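These are my notebook entries on a structure that I had not examined before. I set down what I looked up, entry by entry.

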Amino acid sequence: MDGPIYTPEELLTRLVAFDTTSHKSNLELIAFVEDFLLQHGVLSTRVPSEDGEKASLFATIGPAGDGGIALSGHTDVVPVDGQAWDGNPFLVREADGRLYGRGTCDMKGFLACVLACVPAFKRRRLKTPIHVVFSYDEEIGCIGVRPMVAQFGKSLPKPRFVVVGEPTSMQVVDAHKGPIRWQVDVTGRAAHSSMAHLGVNAISYATRLIAELERIEAELRVSSRSDRFEPAYATLQVTRIDGGTASNIIPVACRFGFEVRAVPGLDTDAIERRLISFANTACLPDMQRIAPEAEICIARANSVPPFGVDTASEIVALALKFAGQNSTHAVSYATEAGIFQDAGSASIVCGPGDIAQAHTANEWIASIELAKCMAFLGRLADWAES
Ligand SMILES: [Zn+2]
């Protein structure tokens with residue numbers, strides 16, 4: 001089947017023209033990709049969001065079934081609101097070897113390269129399947145990829161390897177930290193502040209919990225050391241706090257959020273257990289002596305797992321070979337790689353563009369980065385054919 005052949009630049013222009021800011025639908029872009037793949041004889045499967053407004057897309061070129069290598073990227077982009085753009089962010093503009101537009105770097109450049117390679121992938125006699133795996137809602141917490149990954153090995157083939165094409169300037173990234181977040185709700189009892197002994201001050205007990213978190217943070221600096229990261233340990237920070245009613249009322253409620261920027265392998269469940277244990281022994285008995293209804297609720301909020309692939313994994317050697325590099329890197333930003341890795345597909349992060357340009361006004365990608373990515377995908381296809 002002879003579908004249309006496009007350069008990555010042409011495809012990038014098409015993809016950027018779909019305003020797929022995370023809070024908007026991505027279905028027009030998905031329909032375009034579906035149609036493009038179909039014109040090359042490639043069938044794809046949508047995994048829709050609950051409200052049906054968005055979808056992920058999964059397609060296989062080559063032999064059906066589990067195994068193979070997935071080329072993964074998110075279709076959503078961050079908002080342009082409040083940013084000073086020179087011109088329309090959704091109209092790709094080329095100047096001085098750069099392509100400007102929202103998502104050119106993060107990460108429609110990679111999607112464009114993958115699609116531009118589809119005709120070549122189809123022409124080859126692939127022994128190893130190449131999967132096209134496009135998600136949504138990555139920018140708001142890697143939400144959209146999860147229902148699709150849940151289908152791996154069920155209604156969708158389970159890839160053996162995954163290349164997440166986030167912008168790394170085509171360096172091979174084998175580890176990143178992940179934000180694990182909690183929300184804590186402390187409920188005490190209100191009282192007139194002249195009668196403080198009748199109340200249970202939710203803010204005071206929140207500060208006890210926060211003091212315990214500071215002790216945990218100090219221990220993490222020592223126990224979670226990994227020189228590959230900046231800073232070289234897992235951090236723990238309280239990120240929000242809200243409590244109290246008025247200046248003459250003992251506060252009945254206090255809510256705060258905290259996160260751990262976890263290094264791969266960190267036991268974050270142990271941190272949660274320790275805080276729960278502290279609440280049960282060092283806070284609740286005192287609180288409930290006065291107010292039996294007092295409680296402390298510690299709940300996980302949206303989190304992205306840290307990512308670390310075993311350096312002996314075949315995907316590391318393969319990615320280095322495809323990229324023409326000889327060493328791997330660790331980065332501080334989070335991607336979907338940990339989610340694939342935790343689901344049993346060995347993953348690597350490698351894609352065109354410099355992360356410094358992601359999310360900025362006048363976001364751009366250098367044309368040379370697209371060329372380097374095309375070369376990477378060409379070597380990947382050589383391997384999949386052999
Ligand atoms: Zn991204």
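Predicted model: local features only at pLDDT ≥ 70, side-chain atom pairs only at ≥ 80, totals over all residues.

Entry 1: charges over rings. I began with R98 and found its charged end over the ring of W364, 3.7 Å from the ring's centre. I then turned to R93, which lies over the face of Y100 at 4.6 Å from the ring centre.

Entry 2: I looked up the burial of H74 and D106 and found both buried.

Entry 3: cis peptide bonds. M107 is found in helix α3. I found another cis peptide bond between E230 and P231, where omega is about -10°. P231 is placed in the loop between α5 (202-223) and β11 (235-243).

Entry 4: positive phi. I looked up D96, whose phi is near 55°, a positive value in a residue other than glycine. D96 sits in the loop between β4 (93-95) and β5 (98-100). Is D96 buried or exposed? Its relative accessible area is 77%, so D96 counts as exposed. C142 also has a positive phi, near 50°. I located C142 in the loop between β6 (130-135) and α4 (145-150). With a relative accessible area of 2%, C142 is buried.

Entry 5: nonpolar cores. I found 79 residues in the largest nonpolar core, and V33, I69, L71, F121, F376 and L377 touch the most other members. Helix α3 (residues 104-123) contributes the most to this core, with 11 residues. I followed the contacts of I69, leaving out residues up to four places away in sequence; they include P129, I130, F161, V163, F322 and W383. Apart from this core I noted another, of 34 residues, with A202, C254, V263 and I296 among them.

Entry 6: aromatic pairs. How many aromatic pairs does a search of the whole structure find? I recorded 9. One of them joins F161 and W383; the pair is tilted, at 6.3 Å centre to centre and 50° between the planes. F161 lies in strand β7 (residues 161-164) and W383 in helix α9 (residues 367-385), so the pair ties together parts that are 222 residues apart in sequence. F161 is buried at a relative accessible area of 4%, and W383 is buried at 15%. I looked up F256 and F258 next, a tilted pair with 6.5 Å centre to centre and 35° between the planes. F256 is buried, with a relative accessible area of 1%, and F258 counts as buried at 1%. Lastly, I noted that F161, F322, F376 and W383 form one aromatic cluster.

Key: Residues numbered from 1 in each chain as written. Heavy atoms only, no water. Core = buried A, V, L, I, M, F, W, Y, C linked by side-chain atoms within 4.5 Å. Buried < 20%, exposed > 50% of the residue type's maximum accessible area, 1.4 Å probe, protein only. Helix = DSSP H or I, 4+ residues; strand = E, 2+ residues; numbered from the N terminus. Contact = heavy atoms within 4.5 Å. Phe/Tyr/Trp six-rings, centres within 6.5 Å; stacked < 30°, edge-to-face > 60°. Lys NZ or Arg CZ within 6 Å of the ring centre and 35° of its normal.
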